[in-house]
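I opened this entry to keep a record of what I looked up, site by site. The terms are spelled out where I use them.

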Amino acid sequence: MKKESYLSWPSYFMSIAVLSAFRSKDAKTQNGACIADKNNKVIGIGYNGLPTGCDDNDPDFWADNDDDVLQSKHTYVVHAEQNAIYNCMLNDFEGSTIYATQFPCHSCAQAIIQVGISKVVYLRRKEGDNHEKYFQAVCKMFDQAGVYYQQIEDIEGFDQQFLDGIVNLAP
Ligand SMILES: [Zn+2]
C-alpha cells in the first residue's frame, strides 16, 4: 500500500542529526548535526566526540571540571557541527543548511560562517544567563555574516511526532 504522507526535508535532515547524536559517548550531552546542500543532498554528518585517535576510555577526556583545563571535556571534545564540517566529502557549502540538535556555540558558529554555510536549523537551545549571552553573540555574528537561522518547530511541514519517535529509540 502506498503511504499517504512523506517526511519533509527538514524532518528528514533533523532526524539524521538526532540519530547521529546517539553515537556520542558524552554522558551528559549528545549532539548531532547534518549538512544538506542546496539540492537536498546530505554532504556531512557529525556528533560530539573526541579527536581521531584519542582514547574514548580515558576519563580525563570526559571530565567535567571547568576549573582545570586538563580535566574538562570542553578542552577535548569536538562539537557535532564542526565534525559534520570536517566529515564533509565536498568543499562546496554554498547554499547549504546545517541541521543541528543544539543551537551552535560561538566556535561552531565561526566555523559555519567561515566555510560558507547559508542556513542553520536547530532543534533546541541551552537556557540560562551565560548561554543567553553566547546566544546573542552568535546571533550577532550570524546576522552580520548573513547566515539565516531558525528553530525547526517554526518550519512548516516539520513532523514533531516522527522526530519524537526517533528520540524514543534511545536506550
Ligand atoms: Zn559548538
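I call a residue buried when its relative accessible area is under 20%, exposed when it is over 50%, and partly exposed in between, with a 1.4 Å probe and protein chains only. The model is predicted, and I took local features only at pLDDT of at least 70 and side-chain atom pairs only at pLDDT 80 or more, while totals for chains, interfaces and linings use all residues. Residues are numbered from 1 along each chain as its sequence is written, and side-chain values use heavy atoms, with hydrogens and water left out.

Entry on the zinc site. I counted as donors the N, O and S atoms within 2.8 Å of the metal (3.2 Å for Na, K and Ca), and water is not among the atoms, so sites may look incomplete. The protein donors I found for the zinc ion are His79 through ND1 and Cys105 and Cys108 through SG, at 1.9 to 2.3 Å from the ion. Along the chain these donors have the spacing H-x25-C-x2-C. His79 sits in the loop between α2 (73–76) and α3, whereas Cys108, 29 residues apart from it, sits in helix α4 (residues 106–115), so that the pair links distant parts of the chain. Helices and strands here are DSSP runs numbered from the N terminus, helices being H or I of at least four residues and strands E of at least two. Cys108 counts as buried because its relative accessibility is 0%, and His79 counts as partly exposed because its value is 30%.

Entry on two asparagines. I took a polar contact to be a pair of N or O atoms within 3.5 Å; within protein, one must be able to donate a hydrogen and the other to accept it, and residues adjacent in sequence count only if both atoms are side-chain atoms. Asn48, in the loop between β2 and α2, is buried at 5% relative accessibility, and a polar atom of its side chain lies 2.7 Å from the backbone oxygen of Thr29.

Entry on the largest pocket. On a 1 Å grid over the protein atoms alone, a pocket is an open set of points where a 1.4 Å probe fits, with protein on both sides within 12 Å along at least five of seven lines, and lining residues have an atom within 4 Å of a point. The largest pocket holds about 830 Å³ of space, a volume being the space filled by probe spheres set on the points, which are joined across faces, edges and corners. Of its 30 lining residues, His74, His79, Cys105, Lys126 and His131 are the closest to the centre.
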